[in-house]
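Trainee: I would like to learn how to read a sheet and a core. Where do we begin?

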Amino acid sequence: PAATMDEVVALCKRRGLIFPASEIYGGIANTYDYGHYGVLLKRNVSDAWWKAMIQERDDIVALDSAIIQHPKTWEASGHLSGFSDPLVQCLGKCKKRWRLDHLQEAAVENGEDPAAVKCPQCGGDLTEPRAFNLMFETNIGPVQDESSTVYLRPETAQGIFLDFKQTLSYARKKPPFGIAQIGKSFRNEITPGNFIFRTLEFEQMEMEFFVPPEEAEQWYEYWCQERLNWYVKLGINPERLRLRPHEADELSFYSSGTSDVEYLYPIGWSELEGVANRGNYDLTQHAEHSRQKLEWKDPQTGKGYLPHVIEPAAGLGRTMLALLCEAYDEDEIGGEKRTVLRLHPSMAPIKVAVLPLLRKDGHPEKAREIYEALRKRMSTEYDDGGNIGKRYRRQDEIGTPYGITVDHQTFEDDTVTLRDRDSLSQERVPVAGLADLLEAKINA
Ligand code: ATP
């Protein structure tokens, strides 16, 4: 598929998956709300991550740490001094502010000279860059002074490091083991556009994997492959996925290796997730700033050491955007254009729609009966509004893989038609065992 971003944005708005936040007030830059089907899709993505990280393993434990942490956290992590990007302002008509690194990345992507970037809005010259911290600040209590300043976390990872010792005390784990969490992070992003690719608030799915130092390289390689494979399992074509190792000049000073999992979005190859070998930087910093021992002590040898850390850090919104771009397709049915989201059935917000052919002759009652049985097992929708073709079009646009229709024959032999979103095949199947049949297809 070669969907454009505009097509995906329009579909998301039309069907209520994702739309601009605060729209009645004219919206707010880089901020979006997720409607019914968007919420369901988002949950499917985060559930799949949780399943891969927690449910199907016994070497990773769960955490849900606070968004507002002690301000020393960000001193120790380096975010207070280092988490700033060069900002430039347009000297021309529009006076817009931009992040220089984003302008330069776009220039490289378009084959232009990154040293000669201009304002993308009005073509004006730009000011000299100055540092700009990406963390949102707020205050605890009524007095706004330095002692009350706190920050909204710009990543979930630091909460994991703060709770490393606490987790060791109860989790009965030893390196190699991981701590995983999903939660909101906040960054004062000023580069506009590209839909939910870069937003002010976003959900991260992060895991810190603590390993004996000599095993770090091997686990880094392991997690790069695991994470790449995960996206393939969600239905992304491996041809539009790649692992891009960072060049030496891109690496954080503490990282001995970082690879981005990238997807070929309509805006070009861009980061879905970063997998980093962070060494023992974070634990060292927090040990120093908190004056606590954050070592793992081997009960057998009595020897302690600071584990090294491999971090796969993924974005929930970026994963959703990749799935939507990947799934968007247009074809023709009976000479009419059809828009369809070819989402993997496991990701589809609604798995099956139950539709009575007619609004009489007992069809609605029978269809509701089937619907009420199915919805106990999977996300199901009942729809009796409008002609059957229209109802299917609607389900196609939200990516529903299966449609069940109740018609007059249902009352003769207790069968329904089962329609497949992609092949458009319609087969008659018995009502008995419908949920098992659908579940088998969804999990195939
Ligand atoms: P970029 O430079 O592309 O904005 P980053 O390299 O700063 O991102 P990381 O700090 O590595 O991002 O964060 C890990 C993941 O969190 C990213 O791969 C991305 O999926 C997600 N992420 C980071 N910033 C944002 C944002 N502003 N909006 C949406 N997702 C984000």
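This is a predicted model: local features need pLDDT of at least 70, side-chain atom pairs count only at pLDDT 80 or more; totals for chains, interfaces and linings use all residues.

Trainee: In which sense do S22 and S23 pair?

Mentor: Strands of a sheet pair through backbone hydrogen bonds, either parallel or antiparallel. Strands are DSSP runs of E, at least two residues, and helices are runs of H or I, at least four, both numbered from the N terminus. Two strands pair if DSSP finds at least two bridges between them. Strand S22 (residues 415–420) and S23 are antiparallel, over five bridges.

Trainee: What is the order of the five strands in the open sheet?

Mentor: The order is S20-S19-S21-S22-S23, with mixed pairing. Strand S20 (380–382) and strand S23 (426–430) are at the edges with a single partner strand each, so one side of each has no neighbour in the sheet.

Trainee: Which residues have the most contacts inside the largest nonpolar core?

Mentor: A nonpolar core is a set of buried Ala, Val, Leu, Ile, Met, Phe, Trp, Tyr and Cys residues joined through C-beta atoms within 7 Å. Buried means 20 or more other C-beta atoms within 10 Å of the residue's own, with C-beta atoms placed from the backbone. The largest core here has 84 residues, and Met320, Leu321, Ala322, Leu324, Val354 and Ile370 have the most contacts inside it. Helix H10 (residues 316–327) gives the largest share, eight residues.

Conventions:
Residues are numbered from 1 along each chain as its sequence is written. A residue is buried if 20 or more other C-beta atoms lie within 10 Å of its own, exposed if 12 or fewer, and partly exposed in between; C-beta atoms are placed from the backbone.
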